[in-house]
Amino acid sequence: MEMNSASTEVQEPPGTGAPPPPWEGLPLEKWNDWRWQLANRLNTVEELGQVIRLSPDEVEGLSAAGHFRVDITPYFGSLIDPDDPGCPIRRQVLPTGRERVPFVAEMADSLAEDAHSPVPGLVHRYPDRVLMLVTTQCASYCRYCTRSRIVGDPAAQFSRKDYDAQIRYIAGNPQVRDVLLSGGDPLILPQRLLEDLLQRLRAIPHVEVLRIGSRVPVFLPQRITADLVDMLRRFHPLWMNVHFNHPKEFTPAVEVALARLADAGIPLGCQSVLLAGVNDCPNVMKDLVHKLVRNRVRPYYIYQCDLVHGAGHFRTPVAVGLQIIESLRGHTSGFAVPTYVIDAPRGGGKVPIMPNYLLSQSADRVVIRNYEGFISAYTQPEIYDRHDPARCVSCQRREADVTAEEQEGVAALLSGDQLAIVPEGFEVAHQRLTRIRWAPIKAALAPAAESDEP
Ligand SMILES: *Cc1c(COP(=O)(O)O)cnc(C)c1O
């Protein structure tokens, strides 16, 4: 297939011959220059009105005081259907009046990231990996941004001192083996600065894997130059998660950008967000995951839309996500099926949600069903020679490692390291139960002596 012939040999994104309207007059080199794209982003009613026919709702959204930042690269803007207010590309980046409507349960920081930040911009929620926010800027801004509380604000930038503190924290915490650079979009940083950060992280012996989360390959594929990729590949193992939501986001320029990253040995994953009116459809999602895997991107997560201010009208019932997974698992390649997750409010982290495939069980058998509804019994072994930790190299190494974290969570209950996970205030609540609920009952049932009193 011609699409897969793209490789690092292609030096620049293939031109279409001329930039799309209304930029026809522009030299093609300019259109393909990521600096030009960034410098000429669309953000006003006037600029956007020259590219698309704005609806009254969009004019209202763009004119509202204090709205979350709008900036759309001309390239991404050119993918918008100028006449269709429901265009899935358009819905992701153009505000409407609806984003100012508050909804039940909305929050500014629904994932409680700020509360999990030991130093500014570093979110340490899981034992062995950290999220490092390196910038608040993006190539374009998604209307449903989970970090709209900080992203896009030109005044809220990370300083040299913040980076130093982030890196010092990681260096001082040997359990951190995976550092995820995000933001904002790390690929928007000046290349030297990004290179410097990667270099300093790579120099920390216990940091095994570096990851970058970026939407630049979607919003600004021109930025994925041979030079940038040559820099990135020096920091392997370096993984990258990109963010596609709709098959319309694939263009020849995007396919070249992805091929360059993949050819540089960067394993690519995709994190999509389930969005009403954009991709809340099993067929759209199937087309999307097929486009992804043809471009060597593994669908990694589909996120349930966060409870963040401005995103209310994008939210779907969880059933929509379940139906999408049901329509993918078994129906297409296993590696094309992402994990559907809810990023739990208050900082619970990502929780996978999936249809039930385990229907029932006895001591001897489990009953399972497949994607077709075929139900069968799997007979469990009568004799199981249990895993013997004393003869297991990994178990022994862990036992000997004094710096290793204790087993946590439900895994600790299964391993026998812990007997219960007790919710906060459990003891108090049970005392209160005794006092408040039982005391009056006891009193009522008890001694006639009491009723004798005057
Ligand atoms: C998503 C996330 C990670 C990475 O999670 P994975 O499931 O390993 O991809 C790490 N830290 C934070 C705070 C996150 O939100």
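The mean positions of the 47 positive and 55 negative charges of the chain lie 2 Å apart. In this count Lys and Arg are positive and Asp and Glu negative, with His and the chain ends not counted; the place of a charge is NZ of Lys, CZ of Arg, CG of Asp or CD of Glu. The model is predicted: local features need pLDDT of at least 70, side-chain atom pairs count only at pLDDT 80 or more, and totals for chains, interfaces and linings use all residues. Residues are numbered from 1 along each chain as its sequence is written, and side-chain values use heavy atoms, with hydrogens and water left out.

Taken along the principal axes, the C-alpha atoms of the chain fill a box of roughly 100 × 65 × 55 Å. The secondary structure comprises 17 helices and 12 strands, which are DSSP runs numbered from the N terminus (helices: H or I, at least four residues; strands: E, at least two). Of the 454 residues in the chain, 45% are buried. Buried means under 20% relative accessible area and exposed over 50%, with partly exposed in between (1.4 Å probe, protein chains only). The accessible surface of the chain amounts to about 23700 Å², and carbon and sulfur atoms contribute 55% of this surface. Accessible areas were computed by the Shrake-Rupley method with a 1.4 Å probe; for residues, only the protein chains shown count as cover. Among contacts in the chain with a separation of 6 or more, 73% are between residues 24 or more positions apart, a contact being heavy atoms within 4.5 Å.

Helix 11 covers residues 252-263. Its 12 residues should span 16 Å at 1.5 Å a residue, and the end C-alpha atoms are 16 Å apart, in agreement with that value; the expected span is 1.5 Å times one less than the number of residues. Because 10 of the 12 residues are buried, helix 11 is largely enclosed by the rest of the structure. The buried residues are A253, V254, E255, V256, A257, L258, A259, R260, L261 and A262. Their cover includes three helices, namely helix 5 (74-77), helix 9 (216-219) and helix 10 (226-232). Strand 5 (238-242), strand 6 (268-273) and strand 7 (297-303) are also included in this cover. Just after helix 11, G265 takes a positive phi of about 80°.

Strand 11 (residues 365-369) contains V367, which is partly exposed at a relative accessible area of 27%. Not counting residues up to four places away in sequence, V367 touches Y357, L358, L359, S360, I375, S376 and A377. The C-alpha atoms of V367 and Y378 are separated by 6.3 Å, with the two residues 11 apart along the chain. I375 is placed in strand 12 (residues 375-379) and, with a relative accessible area of 52%, is exposed. Apart from neighbours within four places in sequence, I375 is in contact with L359, V367, I368 and R369.

Most residues other than glycine have a negative phi, and most peptide bonds are trans. A112, which is not a glycine, has a positive phi of about 50°. This residue lies in the loop between helix 6 (88-93) and strand 1 (122-126) and is buried, at 15% relative accessibility. R296, also other than glycine, has a positive phi near 65°. R296 is in the loop between helix 12 (282-294) and strand 7 and is partly exposed, with a relative accessible area of 43%. A cis peptide bond joins P21 and P22, with omega about 5°; P22 belongs to the segment before helix 1 (28-31). H236 and P237 are likewise joined by a cis peptide bond, with omega about 0°, and P237 is in the loop between helix 10 and strand 5.

The structure holds zero disulfides, a disulfide being a pair of cysteine sulfur atoms within 2.5 Å. C138 is in no disulfide, and the nearest cysteine sulfur, that of C145, is 6.4 Å away. C138 is buried, with a relative accessible area of 16%. For C395, also in no disulfide, the nearest cysteine sulfur is that of C392, 3.5 Å away. C395 is partly exposed, at 28% relative accessibility.
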